[in-house]
Amino acid sequence: MLANPLGEADAMSHPTYLNTTRRGFLGGTAAASALALGDRAQAQDAPPLEEYTPEYLSAAEWAFVMAATARIIPSDGAGPGAIETRVPVFIDLQLAGDFGNAADLYMEGPFKPDAPDTLGPQSPLTPAEIYRGAIERIDAACTDEYGNVFADLDPTQQDEVLSALEEGPSTSGNTPDMAEDAGGGAPNTDGSTAFGLTPELKEFFSLLVQNTKEGYFADPMYGGNADMAAWSYIGFPGARGSYAEWVGREEDYPLGPVSISGERA
């Protein structure tokens with residue numbers, strides 16, 4: 001059991017994706033979120049997560065996303081967790097919309113799914129299809145390995161699975177063979193079959209972490225960052241018209257955040 005997975009203490013015993021402070025892990029996403037937020041969702045009068053009806057995710061997929069995001073940004077740290085900020089709702093709505101359908105991505109071939117990471121995304125699948133295919137395979141592999149699907153594993157087992165997904169599918173940091181006879185680069189097969197994932201699905205873990213952080217910091221109108229709790233935690237003022245005079249001052253901004261819709265925390 002991880003007492004404080006995003007804390008600084010005992011960092012070496014934690015999975016790599018937890019070996020940082022919560023602020024350090026999330027800080028890179030607070031300033032620049034890469035996800036195209038084309039599908040908006042009002043957070044007012046939002047039902048409790050257990051009563052939420054997903055727009056894209058199946059019941060099994062929803063349970064997986066709930067469990068996985070809860071381990072990536074746990075509830076037992078210094079700030080709010082992914083569950084308290086409704087990150088799973090954000091992910092579901094994005095997968096149901098333009099992001100999930102790859103509306104803004106170039107999706108014409110040729111594709112080389114086993115190409116090295118240096119060549120960028122090579123999957124012929126949309127983000128929504130990657131989520132669907134990866135979750136099904138991971139749940140099947142977890143059942144074979146542990147006797148239960150991912151959502152029903154204990155936290156230690158869930159961390160083992162997420163760590164394996166993090167370490168396996170990526171060749172970041174490796175030097176690929178870019179020789180012409182290698183087809184533009186040595187195949188990225190390292191870990192591509194971890195927990196049943198094929199090369200077409202190898203981007204799943206990076207997508208999951210990216211989308212979790214984006215949902216944590218997005219404006220509440222997109223379904224996550226409920227009550228602007230993440231903004232309040234890091235002292236981000238949100239959509240306030242001007243606070244330039246506070247930039248560079250070594251003191252906390254005295255006012256709470258404001259959402260795009262004008263709501264105040």
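Biologist: What sits over the ring of Tyr56?

Modeller: The charged end of Arg132 does, 4.1 Å from the ring centre. Keep in mind that this is a predicted model.

Biologist: And which residue lies over the face of Trp246?

Modeller: Arg249, at 3.8 Å from the ring centre.

Biologist: Switching to ring pairs. How many aromatic pairs does a search of the whole structure find?

Modeller: The search gives 7. One of them joins Phe64 and Phe204. Their centres are 5.9 Å apart, with 55° between the planes, and the pair is tilted.

Biologist: Which helices do Phe64 and Phe204 lie in?

Modeller: Phe64 is in α2, and Phe204 is in α6, residues 204-217.

Biologist: What about Trp231 and Phe236, how are their rings arranged?

Modeller: The planes are at 75°, so this pair is edge-to-face. The centres are 5.3 Å apart. Trp231 has 6% relative accessibility, so Trp231 counts as buried. Phe236 is at 29%, which makes Phe236 partly exposed.

Biologist: Which residues do ring pairs link into a cluster?

Modeller: Phe64, Tyr131, Phe150 and Phe204.

Biologist: Back to α2. How many residues does the helix have, and what does it reach end to end?

Modeller: α2 covers residues 59-72, which is 14 residues. From first C-alpha to last, the helix reaches 20 Å, close to the 20 Å expected at 1.5 Å a residue.

Biologist: Which residues in α2 are buried?

Modeller: Glu61, Trp62, Phe64, Val65, Ala67, Ala68, Thr69, Arg71 and Ile72.

Biologist: Now helix packing. At what angle do α4 and α5 cross?

Modeller: Roughly 125°. Their axes come within 12 Å. α4 is residues 127-146 and α5 is residues 155-167. The angle makes α4 oblique to α5.

Biologist: Is the crossing left-handed or right-handed?

Modeller: α4 passes α5 in a right-handed crossing.

Biologist: Last topic, Thr53. Where is Thr53?

Modeller: In the loop between α1, residues 22-31, and α2.

Biologist: Is Thr53 buried or exposed?

Modeller: Exposed, because its relative accessibility is 63% and the cut-off is over 50%.

Biologist: How far apart are Thr53 and Val89 in space?

Modeller: 9.3 Å, C-alpha to C-alpha. In sequence, Thr53 and Val89 are 36 residues apart.

Key. Residues are numbered from 1 along each chain as its sequence is written. This is a predicted model: local features need pLDDT of at least 70, side-chain atom pairs count only at pLDDT 80 or more; totals for chains, interfaces and linings use all residues. Side-chain values use heavy atoms; hydrogens and water are left out. Helices (H or I, at least four residues) and strands (E, at least two) are DSSP runs, numbered from the N terminus. The expected span of a helix is 1.5 Å times one less than its number of residues. Buried means under 20% relative accessible area, exposed over 50%, partly exposed in between (1.4 Å probe, protein chains only). Rings of Phe, Tyr and Trp (its six-membered ring) pair if their centres lie within 6.5 Å; planes under 30 degrees apart count as stacked, over 60 as edge-to-face and the rest as tilted. A charge sits over a ring if NZ of Lys or CZ of Arg is within 6 Å of the ring centre and within 35 degrees of the ring normal. Axes are lines fitted to C-alpha atoms, for helices over the stretch in contact, and angles run from 0 to 180 degrees between N-to-C directions. Angles under 35 degrees count as roughly parallel, over 145 as roughly antiparallel, 65 to 115 as roughly perpendicular and the rest as oblique. A crossing is left-handed if the near helix is turned anticlockwise from the far one by less than a right angle, and right-handed if clockwise.
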